[in-house]
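Here are a few exercises to work through with the model open beside you. Try each task before you read its solution.

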Amino acid sequence: MANDQSIELRVSLQERQMETAVEIVEEIRANYVTRADLKDAIRDLKAYLDERLAHYASKVELERMRQDTRNWMITFGISLAALQFSMLFAFFQLYLHLR
């Protein structure tokens, strides 16, 4: 009789351990990511990043824009100085003519 209770206890303990093992395996299967799934996720992430980064300028483009702006400002300054000189010369000629 004591032997039967011991056997029943062992069997119920093994059944509980098997149930726990099955639960663990099911949880692992539910949370498991295959390599194909991981590659798909990485590809989607790269596509998303490429889309987001397409809106930003590269360092080369920024440097080119900075150089173009600098050249425009130099050209504008030279043109303004030439205009000022030509107006000064025209007023000087008018002054000499009216004298």
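## Exercise 1: A charged pair in H3

Task: find out how Arg66 and Glu63 are placed in helix H3, and which contact joins them.

Solution. Start with the positions: Arg66 and Glu63 are both in helix H3, three residues apart, about one turn of the helix. Helices (H or I, at least four residues) and strands (E, at least two) are DSSP runs, numbered from the N terminus. Next, look at the side chains: Arg66 makes a salt bridge with Glu63, and the closest N and O atoms are 2.9 Å apart. The term salt bridge stands for a side-chain nitrogen of Lys or Arg within 4 Å of a carboxyl oxygen of Asp or Glu. Last, check the accessibility: Arg66 is partly exposed, at a relative accessible area of 48%, and Glu63 is partly exposed at 38%. Buried means under 20% relative accessible area, exposed over 50%, partly exposed in between (1.4 Å probe, protein chains only).

A note on the source: this is a predicted model, in which local features need pLDDT of at least 70 and side-chain atom pairs count only at pLDDT 80 or more, while totals for chains, interfaces and linings use all residues. Residues are numbered from 1 along each chain as its sequence is written, and side-chain values use heavy atoms, with hydrogens and water left out.

## Exercise 2: The other salt bridges

Task: how many salt bridges does a search of the whole structure find?

Solution. The search of the whole structure gives three. Side chains of opposite charge can pair when their charged atoms come close. In helix H2 (residues 35-53), Arg43 and Asp40 lie three residues apart, about one turn of the helix. Their salt bridge has its closest N and O atoms 2.9 Å apart, and Asp40 is partly exposed at 33% relative accessibility.

Now go to helix H1 (residues 2-31), where Glu19 and Arg16 are separated by about one helical turn because they are three residues apart. Their side chains meet in a salt bridge of 3.7 Å, N to O. Glu19 is partly exposed, with a relative accessible area of 45%, and Arg16 is partly exposed at 45%.

## Exercise 3: Rings and a nonpolar patch

Task: are the rings of Trp72 and Phe76 stacked or edge-to-face? Then find the surface patch that holds these residues.

Solution. First apply the pairing rule: rings of Phe, Tyr and Trp (its six-membered ring) pair if their centres lie within 6.5 Å; planes under 30 degrees apart count as stacked, over 60 as edge-to-face and the rest as tilted. By this rule the count is one aromatic pair. The ring centres of Trp72 and Phe76 are 5.5 Å apart and their planes are at 10°, so the pair is stacked. Both residues lie in helix H3, four residues apart, about one turn of the helix. Trp72 is exposed at 56% relative accessible area, whereas Phe76 is partly exposed at 46%.

Then widen the view. Patches are made of residues with over 30% relative accessible area and no salt bridge: like charges are joined within 9 Å, nonpolar side chains (Val, Leu, Ile, Met, Phe, Trp, Tyr) within 5 Å. Areas come from the Shrake-Rupley method with a 1.4 Å probe; for residues, only the protein chains shown count as cover. One member, Leu83, is partly exposed at 46% relative accessibility.

## Exercise 4: The whole chain

Task: describe the fold pattern, the extent and the confidence of the chain.

Solution. Count the elements: there are three helices and zero strands. The radius of gyration is 42 Å, well over the 13 Å that the globule rule gives for 99 residues, so the chain is more spread out than a compact globule. The radius is taken over C-alpha atoms, and the globule rule is 2.2 Å times the number of residues to the power 0.38. Along its principal axes the C-alpha trace spans about 140 × 25 × 15 Å. Buried residues make up 0% of the 99 residues.

Finish with confidence: the mean pLDDT (the predictor's confidence in each residue, from 0 to 100) is 87, and 98% of residues reach 70 or more. Confidence is lowest in H1, at a mean of 83, and highest in H3, at 94.
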